Protein chains: 4
Amino acid sequence: MKIGILTSGGDCPGLNAVIRGAVLKGVRTHDFEFIGIRNGWRGLVQNEFMPLDRHSVRGLSRQGGTILGSSRTNPFEGENGGPENIQRTLDANGIDAVIAIGGEGTLTAAHRLTEAGLNIVGVPKTIDNDLEATDYSFGFNTAVEIATEAIDRLRTTAESHGRCMVVEVMGRHVGWIALHSGMAGGAHAILIPEQPKSIEQICDWVEHVRDRGRAPVIVVSEGFLLSGMQEAHSTKGLDAFHRPRLGGISEIIAPLIEERTGIESRATVLGHTQRGGAPSAYDRVLATRLGMAAVDAIHNSQWGSMVSLRGTEIDVVSIASATIGLKRVSPARYDEAAVLFG
Amino acid sequence: MKIGILTSGGDCPGLNAVIRGAVLKGVRTHDFEFIGIRNGWRGLVQNEFMPLDRHSVRGLSRQGGTILGSSRTNPFEGENGGPENIQRTLDANGIDAVIAIGGEGTLTAAHRLTEAGLNIVGVPKTIDNDLEATDYSFGFNTAVEIATEAIDRLRTTAESHGRCMVVEVMGRHVGWIALHSGMAGGAHAILIPEQPKSIEQICDWVEHVRDRGRAPVIVVSEGFLLSGMQEAHSTKGLDAFHRPRLGGISEIIAPLIEERTGIESRATVLGHTQRGGAPSAYDRVLATRLGMAAVDAIHNSQWGSMVSLRGTEIDVVSIASATIGLKRVSPARYDEAAVLFG
Amino acid sequence: MKIGILTSGGDCPGLNAVIRGAVLKGVRTHDFEFIGIRNGWRGLVQNEFMPLDRHSVRGLSRQGGTILGSSRTNPFEGENGGPENIQRTLDANGIDAVIAIGGEGTLTAAHRLTEAGLNIVGVPKTIDNDLEATDYSFGFNTAVEIATEAIDRLRTTAESHGRCMVVEVMGRHVGWIALHSGMAGGAHAILIPEQPKSIEQICDWVEHVRDRGRAPVIVVSEGFLLSGMQEAHSTKGLDAFHRPRLGGISEIIAPLIEERTGIESRATVLGHTQRGGAPSAYDRVLATRLGMAAVDAIHNSQWGSMVSLRGTEIDVVSIASATIGLKRVSPARYDEAAVLFG
Amino acid sequence: MKIGILTSGGDCPGLNAVIRGAVLKGVRTHDFEFIGIRNGWRGLVQNEFMPLDRHSVRGLSRQGGTILGSSRTNPFEGENGGPENIQRTLDANGIDAVIAIGGEGTLTAAHRLTEAGLNIVGVPKTIDNDLEATDYSFGFNTAVEIATEAIDRLRTTAESHGRCMVVEVMGRHVGWIALHSGMAGGAHAILIPEQPKSIEQICDWVEHVRDRGRAPVIVVSEGFLLSGMQEAHSTKGLDAFHRPRLGGISEIIAPLIEERTGIESRATVLGHTQRGGAPSAYDRVLATRLGMAAVDAIHNSQWGSMVSLRGTEIDVVSIASATIGLKRVSPARYDEAAVLFG
């Protein structure tokens, strides 16, 4: 049996560990062959492959990025896209099944392709931890560790200058990275997309911290929305056109805090450092196990399934169950953390 | 209500984060007061306490060790030990309930004391991850990250010299640290207490790796036992008297590998570096949540209960369920990892 | 003898280690007493002090920030500023001499005050490594290590997506952090204030890297200037008013690269993470030694002097020699690194 | 011109960065060709080579170990050893000159070979920093950072249990790693080969620390000698035969401290973790610059020379000047650190 592997969407520490886990397990246990599909779905649409044998995965568990390359290509678009063309490409290359490693978009596409008869097994990949049907996805732990280390560093500067530091972490639609790194870093407020807050509430927290003689540290997801945002923006004369130029939400919030509280405030956008580089040990273990389990799912012809983490065990679920909606931070989890605010 | 907190047994990253989580939650939500019990059960037996207010837990989430001190004192021993004396000490200090943070020994003692009527809630603490009834305990993640970083470093030296490196990690009775760090570090064999192996099997793996042109890296738990150990030892003229002087099991295995395979072999014992210092973000979050949940359990008068991690949620279980036996690495988990050996 | 210590200017890992080194050396060797001057020169102008004994410096060698606080106050300004007022404040507090830890502005002020008769010894502090008369200053090594780790992480994402990454590091006037972190991180171009380059030259390097099948990584100092900047800016319709809103120079360069080469390009501004948090071992040793040497300089009444690093030795030089101009990256050092570009 | 490169002696972070720096500089600036000599001098004696082009050094600046392999082979031994045989091997492979990267033994051999007419340039390599004629050698900074991180971790456990921690670092003949990591880690005593101390002196420091309510942390070089060692050993019944079995000197000192002071004491031997893995940014820069300078020295036919660090500049000195004796910790440097003991 010959298995193609693809990695799709944004970079994520652990992609290479999944690839290695799958190849070693497949070669040793099931006598599978492997082929690398280059640059996500694009490789299937544009017929780009690379050899992927046991030797080529050596040392990959600790290597960031993906040796296969990635892209955001939609497999249903373009003249060679769509299930029939892709099946033809697979047949032409003797590929019996595909392991698709990706986030919501990738998995949704994989699901549609399996419904059209393709042999695909999914592996969840999201820095943001926003996929349902898995406790965590690899990459998230690494991102949280990196963000936490940055918060630890920024805190000392906040204290030295009596400043407020606003640290912007990843999370366009969900606040998991902010929630965990903020709790780990001892943030005085955590602002996430699921919980819009007004600038007044934020300044209350900030002033409360200042009144206790401390320097406030605020962690904010990139996708956080100020409630009453329009009004808040208009105080600075901001409009839709200027918004993207201003960088992240932290660069909106920090000046507002300074203006209203008089506390010198600084924004730091952690950006892409959260999604590259060597994975944490936690993510290496998770990614390796998921890769191995994906091969077993293929061995069992569980097309349309996705491997996932449940407690300490690797489970097999339907891709559909993972893509029904984003996994958001629950009010209970937010309230738990909010006890530590201010 | 006035709560005493104690930390007992070996050091573990995250102890301070539990203390901080408990105090902040208790002060802010339940209006509890706190007092620190010094050096584990010894503080209760010898009447040693320290103030523990909101101010004293500042910055503790990222600080290793325990500000309360620890010991391995058995609360049932000594002239002031036993439930009645301890209850008297609690009464004399106006303490209504105790949060006991510790491993199997500590929790077993806590369980017996609650059966005698004391108001105690337990928090599981074990570097080794050997407690039942919780998916993970804080400290384990940090230990695995530290061990993995060491394995990463030792590997390059193994490759430079064509050597076999035997890395000894913590785990007297269970192999969780070895299993996770070995998988994360890409070890060519993982040796754990649950799975005795013969020196012949180990040398087979080593030679297989060498034959592929690579340098073998072996991760071994301190509690691993060579099957046919007596015989193996006698080849080196070792006896019971000499054993402890030789240091860890890695220092027995490495020379045996060298002798039998001709591959230069070196042992490294990671030792106490695995249990000190700043906790990882993962452990800070887990420890903080457990501390907060322990306060809620006290608020709910759940005496004899222990807070625990189940999937992504903090649960409350009976201490008894956590101390019925050690949580060992299952054969399934070991076999999963063993696919990558050799 | 009673010594006041102040830390002034931007935060810098190692400030606390200088304070600890000075206090321990002074107390143990010279029987000096110490007092903390709060928030840089502001403490002297506004009469803000804090106790600073042996106990208060415990554990400080590894702690980022400054327990004394910092500010950018000019000691010659304000109604209580100027040498006479400051001398009066010192007399009123029984302070015989001051250790001033700071960068160019701080040291220039210190120099002027010593010319007016005040007893001051300087300790050089600059993340940017821009002070003359010392090989390196503490904080620089830590900043380079942090920036290098970020570059390592960003590189894997660059490779995964075939992108160009533009990493902006600190260095408003000099390019030392960019030079060292860029060389350590294997950057394909390093852009520094001392060496203006045209966008054409930058795109040449980028395309050369792409043509070799690699993903370009560019490291740029915040103070780098594009030669022909006006024209380059005008292609994007940028003007002086918009410049600050666009964030850093990397956010100007990345879109220009993408526009001209067609290679998807991303900017990351590392920002304040480079100047906070625990100092590296290198910086702890350097800072500790400088602090101890400053006390000796006071013991020797070397007013107007600054302690500095020369090779492996701590030297005493005049503050004036350190503030005659910025220490810039020489053409020879830049050319040495440029061999690795493209 | 065709250049052979060899790496010899113990592993050291930065070896690969030297190789990369040399190859890139040589190919780009001097149009040199390169060939890899396998496993140190053994490759020259046994005719083992590997291709070494521009492509093969990709990504090497951050990779620990040496892609060329290493050994401790003496080039004057064996039937194909000695200058004439080696010159014949070089001629047969068209090699015009050799870059020899190694420590005292390697460089001494290189020096003798150049006296016999071979074209060799040396690059100093020593974790221990024991080579004269260079301020620092690459690998040392990384080792100090790793040791310091371990000391930071061990300290929290010392404090939690009120224990004395004895941390053994590398340094068979000189105490540089202990001096720097001990100073960075805030050790209460630093024990180095250059400064024998009695167990009484050590216990004095330990008790002084304990009396101040702290937990003592002692850093000791592996090559430290207890003064009055014979007597000290005999108190434990140790003899020459048992010594090696006991592991490192820390495992002798810790029990003696415990026996004499009553303070529970633990030994940790950091071992090989100090010499493997990714180099620090400092070492990457130094190693890269040394590799580039070695190529220039070859271009200038400076046979018998060694590249070295002097202040911030790379210098060219004679190998002879670096091997006249070990660079030891001076009494002045030790006394400087000793102010912080106890």
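These notebook entries record what I looked up in a predicted model with several protein chains.

**Entry 1. Conventions**

I number residues from 1 along each chain as its sequence is written, and I letter chains from A and number ligands from 1 in the order in which they are written. As the model is predicted, local features need pLDDT of at least 70, side-chain atom pairs count only at pLDDT 80 or more, and totals for chains, interfaces and linings use all residues, while side-chain values use heavy atoms, with hydrogens and water left out.

**Entry 2. Chain A against chain B**

I began with contacts, meaning heavy atoms within 4.5 Å. I found 42 residues of chain A in contact with 42 residues of chain B. I then looked up the buried area, which is the accessible area (1.4 Å probe) that two parts lose on being put together, summed over both. For chain A and chain B this comes to about 3,800 Å², and carbon and sulfur atoms give 53% of it. On the chain A side, R28(A), V339(A) and L340(A) lose the most area to chain B, together 14% of what that side buries.

I next counted salt bridges (a side-chain nitrogen of Lys or Arg within 4 Å of a carboxyl oxygen of Asp or Glu). There are six between chain A and chain B. In one of these salt bridges D152(A) pairs with R284(B), with the closest N and O atoms 2.8 Å apart.

Helices (DSSP runs of H or I, at least four residues) and strands (DSSP runs of E, at least two) are numbered from the N terminus. In chain A, α1 (15–30), α5, α6 (176–185), α10 (281–299) and α12 (331–338) each give two or more residues to the side that touches chain B. I sorted residues by class: Ala, Val, Leu, Ile, Met, Phe, Trp, Tyr, Cys and Pro count as nonpolar, Asp, Glu, Lys and Arg as charged, and the others, Gly among them, as polar. The side of chain A that touches chain B has 13 nonpolar, 12 polar and 17 charged residues.

**Entry 3. Chain A against chain C**

Here I found 34 residues of chain A in contact with 34 residues of chain C. The two chains bury about 2,600 Å² between them, 51% of it on carbon and sulfur atoms. The salt-bridge count across this interface is zero. I did find 19 residue pairs in polar contact, both residues at pLDDT 80 or more. A polar contact is a pair of N or O atoms within 3.5 Å; within protein, one must be able to donate a hydrogen and the other to accept it, and residues adjacent in sequence count only if both atoms are side-chain atoms.

On the side of chain A that touches chain C, α5 (140–161) and β11 (265–269) each supply at least two residues. The most comes from α5(A), with 11 residues. By class, that side has eight nonpolar, 18 polar and eight charged residues.

I noted no contact between chain A and chain D, whose closest C-alpha atoms lie 11 Å apart. Chain B and chain C do not touch either, and their nearest C-alpha atoms are 11 Å apart.

**Entry 4. Domains within chain A**

An automatic or database domain assignment sets the bounds. It gives domain 1 (2–139 + 279–322) and domain 2 (140–275) of chain A. Their C-alpha centres lie 35 Å apart. I found 17 residues of domain 1 in contact with 13 residues of domain 2, with about 1,100 Å² buried between them. In domain 1, I127(A), D128(A) and N129(A) lose the most area to domain 2, together 42% of what that side buries. Between these domains I counted zero salt bridges and 10 residue pairs in polar contact, both at pLDDT 80 or more.

**Entry 5. Two arginines**

R58(C) is in the loop between β3 (49–51) and α3 (83–92) of chain C. Buried means under 20% relative accessible area, exposed over 50%, and partly exposed in between (1.4 Å probe, protein chains only). R58(C) counts as partly exposed because its relative accessibility is 37%. Leaving aside neighbours within four places in sequence, R58(C) is in contact with E159(D) and R214(D). A polar contact of 3.5 Å joins the side chains of R58(C) and E159(D).

R212(A) lies in the loop between α7 (199–211) and β9 (217–221) of chain A. At a relative accessible area of 30%, R212(A) is partly exposed. With neighbours within four places in sequence left aside, R212(A) is in contact with H188(A), G342(A), R28(B) and R54(B).
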